Amino acid sequence: MKGVVLAGGKGSRLYPLTRVTNKHLLPVYDRPMVYYPIQTLVDAGIKDINIVTGGQNSGDFLRLLSNGKDFDLHRIHYTYQEGEGGIADALRLAEPFVEGEKICVVLGDNIIERNIIMAAQTYEKQGRGAKVLLKEVKDPQRFGVAVLEGDRLVRIEEKPKHPKSPYITTGIYFYDHEIFDIIRTLKPSARGELEITDVNNAYIGRGLMTWDLLEGWWTDAGTFESLRLAGQLVAQTGANQV
């Protein structure tokens, strides 16, 4: 299985910090933000990784990560996204890197207390389809919300005003090679982007989506509040515990 870290976007919610650098290069406690999703993949045994980024500071990723030796990677690739077309659009650019294999996708601002080792192992045994990792949060309306009927995931609703559950999809996803065919069928949303929620709902509609609960704390770091929280959590407990 290969790994993809999505580290593009303008980071507008973190202006003025992101006027001079990419959001994913900002510090979270004692290391750059992008180190955490890379470590998440490495801990799960994934050492062939593609970093998808964009903007005027994309070259800084190469200077920071070089050939991936700090993580003992087998290979590290860099893909440039022009503009902002959404998460699914950024992921689409990784197709030549994936070469038909399964992938684990981690959003570049997602930080976890523990690891995804068991989730990766169960997905490897799954065969076809996709897997998402869910987390119970206090403010689900900020995220893609999982609508559950018993243990069955029936759909994901993007940032609903009235969430039907407290469970949201974290920015950690597992997909087979069919994802790229699905992305090619998508139409831009009202905000002009190809939405990852539409990808996940396509898999749900085909009966090919499974889910697990993510253990330990989870946070993104895309706002000043969540960036501060991420630093505090890492300082208190550490991150990427194995």
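Which residue lies over the face of Tyr 15, and at what distance from the ring centre?

Mentor: The model is predicted. In it, Arg 19 lies over the face of Tyr 15, at 5.8 Å from the ring centre. Another charge is placed over a ring at Phe 97: the charged end of Lys 2 is 4.9 Å from the centre of that ring. Lys 2 is also in contact with Val 98, as are Ile 103 and Phe 180, if neighbours of Val 98 within four places in sequence are left aside. Val 98 belongs to helix H4, which covers residues 95–98, and is buried, with a relative accessible area of 1%.

The whole structure holds five aromatic pairs. One of them joins Phe 143 and Trp 218 edge-to-face, with 5.5 Å centre to centre and 70° between the planes. This pair links distant parts of the chain, 75 residues apart: Phe 143 is in the loop between strands E8 and E9, and Trp 218 is in strand E13. Phe 143 is buried at a relative accessible area of 10%, and Trp 218 is buried at 11%. The rings of Tyr 173 and Tyr 175 have centres 5.9 Å apart and planes at 20°, so this pair counts as stacked. Both tyrosines, Tyr 173 and Tyr 175, are buried, and together with Tyr 203 they form one aromatic cluster.

Conventions:
Residues numbered from 1 in each chain as written. Predicted model: local features only at pLDDT ≥ 70, side-chain atom pairs only at ≥ 80, totals over all residues. Heavy atoms only, no water. Helix = DSSP H or I, 4+ residues; strand = E, 2+ residues; numbered from the N terminus. Buried < 20%, exposed > 50% of the residue type's maximum accessible area, 1.4 Å probe, protein only. Contact = heavy atoms within 4.5 Å. Phe/Tyr/Trp six-rings, centres within 6.5 Å; stacked < 30°, edge-to-face > 60°. Lys NZ or Arg CZ within 6 Å of the ring centre and 35° of its normal.
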